[in-house]
Amino acid sequence: MKKWVWVFMLAVFLAVPMVGSAAQGVTIVCENKTDFPNVIGEGDTILAENPGVTVEVLQLVGQRLDLDITFIRQPWKRCLVSLQEGSANVLFTASYKQKRKKFGLYPMKNGEVDESRR
């Protein structure tokens, strides 16, 4: 069975107030292991070249919305805690699990996960 992967892109818009054209900061956490094709490489830094498709898309979103995006790579459980404690605005990639709702928000529609936003 396929795991549906969700990117918390909606959280960017919920967590970051847009005020004029001033740059806003967003902290995005992801696991410190390769998750091909979303994020490539190991360790605590994002690769400068070919970092992964999701990283590149989020970088483009940041450019277009004038957002200062900081990527932090860390162990998975620390990613969840960072999101829950508010030291991170966005976590990617995370499959939907009911128990993970305590850490952050998933895009929902009519009380169910909105698969059109995965």
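1. **Ground rules.** Because the model is predicted, local features are described where pLDDT is at least 70 and side-chain atom pairs count only at pLDDT 80 or more, while totals for chains, interfaces and linings use all residues. Residues are numbered from 1 along each chain as its sequence is written, and side-chain values use heavy atoms, with hydrogens and water left out.

2. **The sheet.** Helices (H or I, at least four residues) and strands (E, at least two) are DSSP runs, numbered from the N terminus. Two strands pair if DSSP finds at least two bridges between them.

3. **How the strands are joined.** Which strand does β2 meet through eight bridges? That is β3, and the two run parallel. One example to find on screen is Thr-27, whose bridge partner in β3 is Thr-70. Strand β2 (residues 24–31) also pairs with β4 in the parallel sense, over two bridges. Here Ile-28 has Val-90 of β4 as its bridge partner.

4. Strand β2 is mostly covered, with six of its eight residues buried. Buried means under 20% relative accessible area, exposed means over 50%, and partly exposed is in between (1.4 Å probe, protein chains only). As you look along the strand, keep in mind that in a regular strand the side chains alternate between the two faces of the sheet.

5. Which residues of helix α3 (residues 76–85) are buried? They are Trp-76, Cys-79, Leu-80, Ser-82 and Leu-83. These residues lie on the same side of α3 because they cover an arc of only 160° around the axis, where the arc is that of the directions from the helix axis to the C-beta atoms. The buried residues of α3 pack against β2, β3, β4 and β5 (94–95), with contact meaning heavy atoms within 4.5 Å. Exposed Lys-77, Arg-78 and Glu-85 sit on the face turned away from the buried side of α3. After α3 comes Gly-86, with a positive phi near 90°.

6. The largest nonpolar core has 11 residues, including Val-26, Ile-28, Leu-58, Ile-69 and Phe-92. Two or more residues come to this core from each of β2, α2 and β3. Another core, of 10 residues, lies apart from it, and among its members are Trp-76, Leu-83, Ala-88 and Leu-91. A nonpolar core is a set of buried Ala, Val, Leu, Ile, Met, Phe, Trp, Tyr and Cys residues joined through side-chain atoms within 4.5 Å.

7. **A buried polar pair.** Asn-38 lies in the loop between β2 and α2 and counts as buried because its relative accessibility is 14%. What does the side chain of Asn-38 meet in a polar contact of 2.7 Å? It meets the side chain of Thr-54, a residue of helix α2 that is buried too, with a relative accessible area of 9%. A polar contact is a pair of N or O atoms within 3.5 Å; within protein, one must be able to donate a hydrogen and the other to accept it, and residues adjacent in sequence count only if both atoms are side-chain atoms. Leaving aside neighbours within four places in sequence, Asn-38 is also in contact with residues including Pro-51, Phe-92 and Thr-93.

8. **Backbone spots to check.** Most residues other than glycine have a negative phi, and most peptide bonds are trans. Phe-36 and Pro-37 are joined by a cis peptide bond, with omega about 0°. The bond from Phe-92 to Thr-93 is also cis, with omega near -20°. Asn-50 has a positive phi near 50° and is exposed, at 57% relative accessible area. Asn-110 has a positive phi near 55° and lies in the loop between β6 (108–109) and β7 (112–113).
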